[in-house]
Amino acid sequence: MIVSGSTSQSLAATLSRELEKPLAAVSYDRFPDGERLASVPDFEGERAILVASTTSSDAHLELLQLQDAVREAGAEHVTTVLPYMGYGRQDAAFESGQPISARAVARAISTGTDRVLTVTPHEEAVCDFFEPTAESIDAAGRLAEPLPTDLEDPVFLSPDAGAIDLAETVRDAYGAGETDYFEKVRHTGTDVEITPSDVAVAGRDVVVVDDIIATGSTMSEAIAVLGNRDVGRVFVSCVHPLLVRDAYTKLARAGVEAIYGTDTIEREASAVSVAPAIAESLTE
Ligand code: R5P
């Protein structure tokens with residue numbers, strides 16, 4: 001039976017159809033002091049598949065409750081699917097005295113599950129923080145699907161070298177185009193400096209591809225450096241459309257025609273579902 005965290009209800013429903021497995025009735029409640037209480041039905045002898053993107057501290061807590069609840073309700077096996085792993089970008093102690101937050105949350109999640117799957121983690125190494133090691137699912141290829149079929153001599157750019165694989169995956173799935181990447185230095189959470197690539201973009205449509213769009217700073221800076229190069233249409237694609245604060249405004253002001261993301265995070269920009277890729281991993 002599939003159990004959805006409150007953040008991933010649409011994806012869990014799609015996965016339930018893909019796998020032809022029932023979707024559990026879950027209730028998400030809160031006590032007057034703000035504490036959460038998630039409840040599940042009877043799971044005696046069942047295998048539970050929990051689907052929950054941990055996009056907030058509340059979502060993390062709710063997932064831990066759901067894991068505990070299905071065990072209490074008799075589940076004999078628990079698989080946890082983290083379509084988006086929150087705190088995954090904090091994969092190191094960047095200054096002394098700081099935690100390795102990705103490891104801390106991975107340890108907590110590991111205690112309540114037999115298996116963990118996650119979609120396009122920020123760094124593959126975070127999978128090793130789970131016990132047993134989390135399985136990583138690559139769904140980036142699907143990001144080619146919502147792109148217009150008439151892209152003009154397209155260039156698929158990534159905002160830094162770390163995301164060039166994603167840009168190549170989307171280009172390969174699209175079936176045409178060149179790839180390149182910018183150099184990025186992050187000064188603060190919202191202040192990033194992008195050094196342009198020297199790829200020719202005049203008159204060509206550009207698709208900037210990244211794993212996450214959070215504040216939109218990276219994408220809008222990347223597009224700004226293309227500003228005076230007579231670029232054609234500009235699209236942005238990402239696996240995880242976190243889109244916090246004024247991200248939509250930043251991207252619109254940067255001249256983006258459309259934002260395409262997946263449903264690892266359920267947003268207006270979630271144009272494609274990762275459910276088929278998750279279903280394939282679960283049935284291998
Ligand atoms: C960081 O390296 C990631 O790949 C993304 O570039 C980053 O998380 C995007 O964040 P923001 O939209 O806040 O610039």
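A residue is called buried when its relative accessible area is under 20%, exposed when it is over 50%, and partly exposed in between (1.4 Å probe, protein chains only). By this rule, 51% of the 284 residues of the protein count as buried. The model is a predicted one: local features need pLDDT of at least 70, side-chain atom pairs count only at pLDDT 80 or more, and totals for chains, interfaces and linings use all residues. Residues are numbered from 1 along each chain as its sequence is written, and side-chain values use heavy atoms, with hydrogens and water left out.

The protein has seven helices and 15 strands; helices (H or I, at least four residues) and strands (E, at least two) are DSSP runs, numbered from the N terminus. The radius of gyration is 20 Å, close to the 19 Å that the globule rule gives for 284 residues, so the protein is as compact as a globular protein of that length. That radius is taken over C-alpha atoms, and the globule rule is 2.2 Å times the number of residues to the power 0.38. The C-alpha trace spans about 60 × 45 × 35 Å along its principal axes. Contact means heavy atoms within 4.5 Å. Of the contacts between residues at least 6 apart in sequence, 66% join residues at least 24 apart.

Helix α2 covers residues 57-72 and contains H60. The relative accessible area of H60 is 8%, so this residue is buried. Leaving aside neighbours within four places in sequence, H60 is in contact with T54, G86, Y87, V105 and I109.

The arc is that of the directions from the helix axis to the C-beta atoms.

Helix α4 (residues 164-174) has I164, L166, A167, V170 and Y174 as its buried residues. Seen down the axis of α4, they fall within an arc of 160°, so they line one face of the helix. D165 and D172 are exposed on the other side of α4. The strands against which the buried residues of α4 pack are β8 (155-158), β9 (178-181), β12 (206-213) and β13 (234-241). After α4 comes G175, with a positive phi near 100°.
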